[in-house]
Every structure is written in structure tokens, then in C-alpha cells.
Amino acid sequence: MAEIPVRSSLVFLFALRVSEEGHDVLLLKRTQTLAGECSQISGRIEGNEKAWETALRELKEETGLEADKLYSTDICETYYGVTQNVINVAPVFVAFVKESAEVTLNFEHSAYRWVRFEDAENMVPYGGQRRVLRQINEDFSKRVPSKHFEIDTSNAGAN
């Protein structure tokens with residue numbers, strides 16, 4: 001019997017900052033895969049990295065930002081990759097960054113915007129992204145995040 005492989009080799013990260021109205025989420029305009037689309041931060045796990053270490057590395061590489069706090073979520077985004085014939089499963093993370101932090105994009109993105117959650121839902125191309133944004137808004141913006149999801153990043157890179 002033929003099977004579709006399941007792969008979990010990438011992570012998704014949503015960066016949030018406090019604003020006057022609550023929280024804003026960072027969306028990036030992609031230049032390569034999904035060129036022209038708005039998306040969250042994402043990246044492939046390298047070497048012996050833990051998924052949360054990948055999230056921190058990608059935050060820094062793609063935006064120049066550093067997380068004040070990093071959280072796991074109880075979300076794994078799942079989607080079918082047509083060209084690879086693979087089901088991809090990506091853990092989702094949330095990083096809170098300083099309101100005054102400056103974004104510095106790398107080559108993977110041509111623009112960025114800090115937007116309200118409601119606006120972000122209208123800017124992303126996929127239903128899965130919209131569902132994830134709604135849940136993150138509920139669990140990380142409208143209420144205090146569960147302390148059980150906070151990740152101690154003090155040992156980042158100590159493999």
C-alpha cells in the first residue's frame with residue numbers, strides 16, 4: 001500500500017509586540033517560496049537544534065529581532081506539500097519582542113508590517129494561518145499566556 005510521508009522539519013513563529021490597542025503581530029512579505037505573500041516567520045530545523053531553538057534563530061536571521069519571551073503553543077500546523085507529496089507538521093511558537101525593536105529583514109523578505117490580529121487574518125493566504133492567528137490572539141493577546149508554555153531560553157545553543 002502506498003503512503004504519504006509525514007515530515008516535521010520546520011517551525012512557524014509569530015512575533016508579537018505590545019501596542020496602544022493591545023498586541024500587534026508581525027507579517028513578512030516573502031521573496032522566494034510563496035513570493036509576494038504575507039507570512040509569519042518560518043524555517044527548517046538544522047543539525048541537532050530543538051524546534052524552539054530554530055524559532056529563535058529564524059527570528060534573528062529573518063528580522064534581526066530577539067525574543068523577550070518565547071512560548072510554545074498547543075498548535076501544530078499541518079498541511080500537504082504538493083510538490084514533495086508530503087504531509088508537513090510544524091510546531092507553532094510565539095515570541096514577544098520589545099515595542100521599540102527595529103526590524104531588519106534578510107533576503108527572504110521584501111517588506112514587513114506590524115498589524116492588528118483582525119487585519120493579519122485578511123492578509124495571509126491560507127486558512128490554516130487564519131486559524132492559528134485566531135488561536136494565538138485568544139491565548140496570547142486577549143489573556144495572559146499560560147506559564148506552562150513559556151520556554152526557558154537561557155540555555156539556547158548549548159547542545
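Start by selecting Y71, F96, F140 and F149: ring pairs link these residues into a cluster. Keep in mind that the model is predicted.

Now count ring pairs over the whole structure. There are four aromatic pairs. Take F12 and Y79 next. Their rings are stacked, with 6.5 Å centre to centre and 15 degrees between the planes. Colour strand β2 (residues 10-19) to find F12, and strand β6 (residues 69-81) to find Y79. The two parts are 67 residues apart in sequence, so the pair ties them together. F12 is buried at 11% relative accessibility, while Y79 is partly exposed at 34%.

Stay on strand β6 and move to Y71. Y71 pairs edge-to-face with F140, at 5.5 Å centre to centre and 65 degrees between the planes. F140 sits in helix α3 (residues 127-141), so this pair joins strand β6 to parts 69 residues apart in sequence. Both Y71 and F140 are buried.

Zoom out to the cartoon. The chain has three helices and nine strands. Trace from the N terminus: the order is β-β-β-β-β-α-β-β-β-α-α-β. The radius of gyration is 15 Å, close to the 15 Å from the globule rule for 159 residues, so the chain is as compact as a globular protein of that length. The C-alpha trace spans about 55 × 35 × 30 Å along its principal axes.

Colour by burial: 45% of the 159 residues are buried. Show the contacts between residues at least 6 apart in sequence; 71% of them join residues at least 24 apart.

Finish with charges. Select the 18 positive and 25 negative side chains; the centres of the two sets lie 2 Å apart.

Terms used: Residues are numbered from 1 along each chain as its sequence is written. This is a predicted model: local features need pLDDT of at least 70, side-chain atom pairs count only at pLDDT 80 or more; totals for chains, interfaces and linings use all residues. Side-chain values use heavy atoms; hydrogens and water are left out. Rings of Phe, Tyr and Trp (its six-membered ring) pair if their centres lie within 6.5 Å; planes under 30 degrees apart count as stacked, over 60 as edge-to-face and the rest as tilted. Helices (H or I, at least four residues) and strands (E, at least two) are DSSP runs, numbered from the N terminus. Buried means under 20% relative accessible area, exposed over 50%, partly exposed in between (1.4 Å probe, protein chains only). The radius of gyration is taken over C-alpha atoms; the globule rule is 2.2 Å times the number of residues to the power 0.38. Contact means heavy atoms within 4.5 Å. Lys and Arg count as positive and Asp and Glu as negative; His and the chain ends are not counted. The place of a charge is taken as NZ of Lys, CZ of Arg, CG of Asp or CD of Glu.
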